[in-house]
Amino acid sequence: MKKEKEAKVLTPAQERRKQFLDTFFATIPVRIGFGIIAVMIVCAVFAPLVAPYDPYTQDLTNMLQGMSGAHFFGTDALGRDLLSRIIYGARASLSVGLVSTLIAGSVGIALGLMAGYLGKWIDAVIMRVMDAMMSIPVVILALFIGSILGKGLGNIMLCIGIVMMPGYARMTRGQVLSVKQLDYVTAGKISGATRMKNAVKHILPNCIAPNLVLATMNLGTAILTEAGLSYLGMGINPPTASWGAMVSDGYRYLQEYPHIAIIPGIFIILTVWAFNVCGDALRDATDPRLRGTR
Amino acid sequence: MGKYVFKRLGQSLIVVFIVTVIVFGLMHLLPGDPIQIYLGDTATEEQIAYYTKQFGLDQPLPVQYIRWIGGLFKGEMGRSITYSIDVKELLLRRVASTLSVTFPAFVLALLIGICLGVITSTHRGRTLDSLLTSIANVGIATPAFWIGMILVYIFGLKLKWLPVQGYIPFSESPSDYIKCLVMPVIVLTLGHLSSNTRQTRSSMLEVISQDYIRTARSKGLSEKTVVYKHALRNALIPIVTMMGGAVGALLGGTVVIENLFNIPGVGALMLTAIINKDYMVVQNVTFVIAVAVVICNLLIDILYGYIDPRIRVE
């Protein structure tokens, strides 16, 4: 009876929010994925409190240990605690994912908005450059840019951000082209709004939702790209903990101590999977036509 | 249609031109001197100056760019600084091993991906759909180098069924050639297989909800005819249009796979060339890959421009 009363007093905005959340959390994998992301974020933010050991302290008397009570995931070739390095690795992976997606999103959306709204030669130049970037494989372009910028967390974020940028530019341009034909944009023009104001105030807000979905999906791609670059030795500088570099280091001891390479890989898979599943759910929740199609 | 083909061709040429500018510009932004890297720390200034002149690196950048492009028009790719041989020869030596991995992976990922996509879409909501979709989702999230390592551990180190690393040409031993390629092909196939499965499934589900499928069913056609003749043919359009990008992704993927399995292919060559700043190798290999992607995209677009007038108009 009480629940019914509460349901009745929901405002339309609250109703929409409830419907969105119900659709978003409709399936079990999404709830698991959301939980994994939440745990990873807590580990990344509170790494110094959560990690049982210092991830950089070497203990050569304790190297290549198996799983035990003292070292839950064992130790690496330098005697560093693997669990602590994985917890700190979450910090690197999540920050690379988040910052590179922010860089790619903000620059890509700005370029797409300019191309779509201003059109003519500006559109042609921007989109042909984006096409050219997309015709070079991501790994190779990332290796190029990574080599120029050099190793390190900040440079990897920038590198992956640049590589992922064309996707946002393309998507935003498409959105802008369809939105700018709508009546309210024309009304804005007639009422004397400047081109800048019209683009930013009237068109841009309509391009955010699909880009947000793309960003959620790209978080996983960014984490995978960082892991790949670190595996190739072109990623984050050692001794900073990175899941990709940990897999690469563990490869040398694969025959005797496979857990050193396997465990960090499982964390990459879990995190990327969680972001992909949540990205799919976000897209389905924002576009009801696609519900359950992926 | 002629206007459409002409426009797409023009756009492709512009894209290829921009690729050459980007690659040339990025290469020359790389820190370090390639001649110094090649000769080592003990090289004298005279030696460095001699080799710099030999490779034409003493010329201004616009001159070097024009020389490179001019050479490409004549079918020349210059000399590799690291390997001291013609880049074209180097590429031809390496391309066989790369194609031995990428071609089967491309075909397998496409065929199996489409089959699994059809199965999941026709069993929507059932256990089989949930199982295959979940596996595909995990497949997309799995780094290729990690799955490669797991295979090496199981089939190479523990069961000893397959060689851990290396490449033996077909001409030397056909059976060893196949054994060497099994794991690299599986690794390269898995990621693309997963994305093809997801793409086919979503595309099929969108098509299946269309009115003409309902009409086909109400005409009394068998489910097999409806699925394969009516639905799949239309659902394949977005998959085939993505094939150009898949070619690039597969070729890019060889950088990691060839490094992991120690295959002397184009991907491994690229990694070494970027580290050593081997200008001509990096520029030409990237150019060849980008041209392959652009040509694939162009052919697919033209093909579908013919088949589907909606694409032509867009």
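**Exercise 1.** In which helix of chain A does Gly116(A) lie? Work out whether Gly116(A) is buried or exposed, too.

*Solution.* Keep in mind that we're working with a predicted model.
- Step 1: find the element. Gly116(A) sits in helix 5 of chain A, which covers residues 82–118.
- Step 2: count neighbours. Gly116(A) has 26 other C-beta atoms within 10 Å.
- Step 3: apply the cut-off. A residue is buried if 20 or more other C-beta atoms lie within 10 Å of its own, so Gly116(A) is buried.
- Step 4: list what Gly116(A) touches. Leaving out residues up to four places away in sequence, we get Asp123(A), Thr172(A), Arg173(A), Val176(A), Leu177(A) and Lys180(A).
- Step 5: check a C-alpha distance. Arg170(A) is 54 residues from Gly116(A) along the chain, and their C-alpha atoms are separated by 9.2 Å.

**Exercise 2.** Sketch the overall make-up of chain A.

*Solution.*
- Step 1: tally the elements. Chain A has twelve helices and zero strands.
- Step 2: get the extents. The C-alpha trace of chain A spans about 75 × 65 × 30 Å along its principal axes.
- Step 3: look at burial. Chain A has 294 residues, and 47% of them count as buried.
- Step 4: look at contact range. Take the contacts in chain A between residues at least 6 apart in sequence: 69% join residues at least 24 apart.

**Exercise 3.** Which helix of chain A gives the most to the side that touches chain B?

*Solution.*
- Step 1: size up both sides. Chain A puts 35 residues into the contact and chain B puts in 42.
- Step 2: pick the top contributor. That's helix 12 of chain A, with eight residues.
- Step 3: sort chain A's side by type. There are 24 nonpolar, eight polar and three charged residues.

Key
Residues numbered from 1 in each chain as written. Chains lettered and ligands numbered in written order. Predicted model: local features only at pLDDT ≥ 70, side-chain atom pairs only at ≥ 80, totals over all residues. Helix = DSSP H or I, 4+ residues; strand = E, 2+ residues; numbered from the N terminus. Buried ≥ 20, exposed ≤ 12 C-beta atoms within 10 Å, placed from the backbone. Contact = placed C-beta atoms within 7 Å. Nonpolar A, V, L, I, M, F, W, Y, C, P; charged D, E, K, R; others polar.
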